[in-house]
Amino acid sequence: MNNVIKCKNIRYSYHDGDRETPILSNLNFEVSQGESIAILGQSGCGKSTLLNLIGGIDKPSSGEVYIGNNDLATLNEEKITELRAKSLGFVYQFHHLLKDFSAIENIAMPLLIQGINKETCIKKASQITKTIGLEHRENHLPSELSGGERQRVAIARAIISNPSCLLADEPTGNLDAKNASSVLELLINLNQQHGSSLIIVTHDEKIATKMDRVLVLEGGHLKAA
Ligand SMILES: Nc1ncnc2c1ncn2[C@@H]1O[C@H](COP(=O)(O)OP(=O)(O)OP(=O)(O)O)[C@@H](O)[C@H]1O
Ligand SMILES: [Mg+2]
């Protein structure tokens with residue numbers, strides 16, 4: 001199987017006491033190695049929820065999620081965290097950098113979590129800061145960076161462990177046109193040069209046209225655009 005991600009008959013509802021909010025139903029989704037995919041859909045349709053299921057951050061109400069050949073339902077939290085750190089790179093809708101850590105420490109974090117020695121992690125992070133043009137901001141805290149710089153740090157953190165798939169949730173949503181296009185270029189380069197699959201959730205049709213496939217999340221499942 002060369003799918004890096006597979007979702008089979010996913011259903012997902014949020015529960016709050018007796019209230020059930022169904023979000024996803026009958027959702028099927030397969031991502032091949034190296035493929036780039038845009039996911040479009042109205043606000044509130046469940047795009048971020050879907051990414052959380054793929055990342056094992058949340059569990060489907062029913063159905064199966066595979067990362068490579070691993071069925072997430074068969075793994076404990078520790079194994080899921082390890083698999084996520086090795087195989088997936090997340091760029092969140094709001095960058096979620098750790099505020100007390102410098103840019104370079106934030107970038108190195110996925111490797112530090114895997115128990116790799118700090119010197120090796122920082123060295124690798126330092127190589128990446130050059131490719132994203134932030135070597136002069138390595139020791140700045142997130143609060144001392146611009147919005148575009150923070151998003152580039154978040155992308156660097158997502159790619160440091162050479163993940164087989166990058167998941168980006170509106171990575172350019174909060175950026176001006178210039179920063180948005182440099183962030184997009186960075187993601188597309190990674191996809192093309194390193195063969196990482198790329199899933200971008202976006203409201204921007206221009207970004208969508210640069211991807212191999214465009215899907216729309218509507219009525220709880222994904223359809224071709
Ligand atoms: N903890 C929760 N409890 C109940 N409902 C929730 C919860 N979290 C999210 N929702 C609802 O689930 C729906 C899907 O949310 P989600 O964040 O996945 O949407 P989205 O497609 O990413 O939207 P956006 O484009 O605005 O980011 C929304 O209607 C939201 O109100
Ligand atoms: Mg969202």
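Reader: By class, how many nonpolar, polar and charged residues does the lining of the largest pocket have?

Author: The model is a predicted one, in which local features need pLDDT of at least 70 and side-chain atom pairs count only at pLDDT 80 or more, whereas totals for chains, interfaces and linings use all residues. Residues are numbered from 1 along each chain as its sequence is written, chains are lettered from A and ligands numbered from 1 in the order in which they are written, and side-chain values use heavy atoms, with hydrogens and water left out.

The lining of the largest pocket has ten nonpolar, four polar and two charged residues. In this classification Ala, Val, Leu, Ile, Met, Phe, Trp, Tyr, Cys and Pro count as nonpolar, Asp, Glu, Lys and Arg as charged, and the others, Gly among them, as polar. A pocket here is an open set of points on a 1 Å grid over the protein atoms alone, where a 1.4 Å probe fits, with protein on both sides within 12 Å along at least five of seven lines; lining residues have an atom within 4 Å of a point. Grid points are joined across faces, edges and corners, and the volume is the space filled by probe spheres set on them.

The space in the largest pocket amounts to about 410 Å³. Its lining comprises 16 residues, and those closest to the centre are Arg84, Ala85, Tyr92, Pro110 and Ile113. At least two lining residues come from each of helix H2 (77-87), strand E6 (88-91), helix H3 (103-113) and helix H5 (147-159). Helices (H or I, at least four residues) and strands (E, at least two) are DSSP runs, numbered from the N terminus.

The second largest pocket holds about 310 Å³ of space. Ile128, Thr131, Ile159, Leu190 and His194 lie nearest its centre, among 16 lining residues. Helix H4 (118-131) and helix H6 (177-194) each supply at least two residues of this lining, and H6 gives the most, with five. By class, the lining of the second largest pocket divides into eight nonpolar, seven polar and one charged.

Ligand 1 has 13 residues around it, with Ser43, Gly44, Lys47, Ser48 and Thr49 coming nearest; a residue is near a molecule if one of its heavy atoms lies within 4 Å of it. Helix H1 (residues 47-54) gives the most to this shell, with three residues. The shell around ligand 1 divides into three nonpolar, eight polar and two charged residues. Among the polar contacts (pairs of N or O atoms within 3.5 Å), a side-chain N or O atom of Ser43 is 2.6 Å from an oxygen atom of ligand 1. A polar side-chain atom of His203 lies 3.3 Å from an oxygen atom of the ligand, and one of Glu170 lies 3.4 Å from an oxygen atom of ligand 1.

Terms used: Polar contact = N/O pair within 3.5 Å; in protein donor to acceptor, adjacent residues only side chain to side chain.
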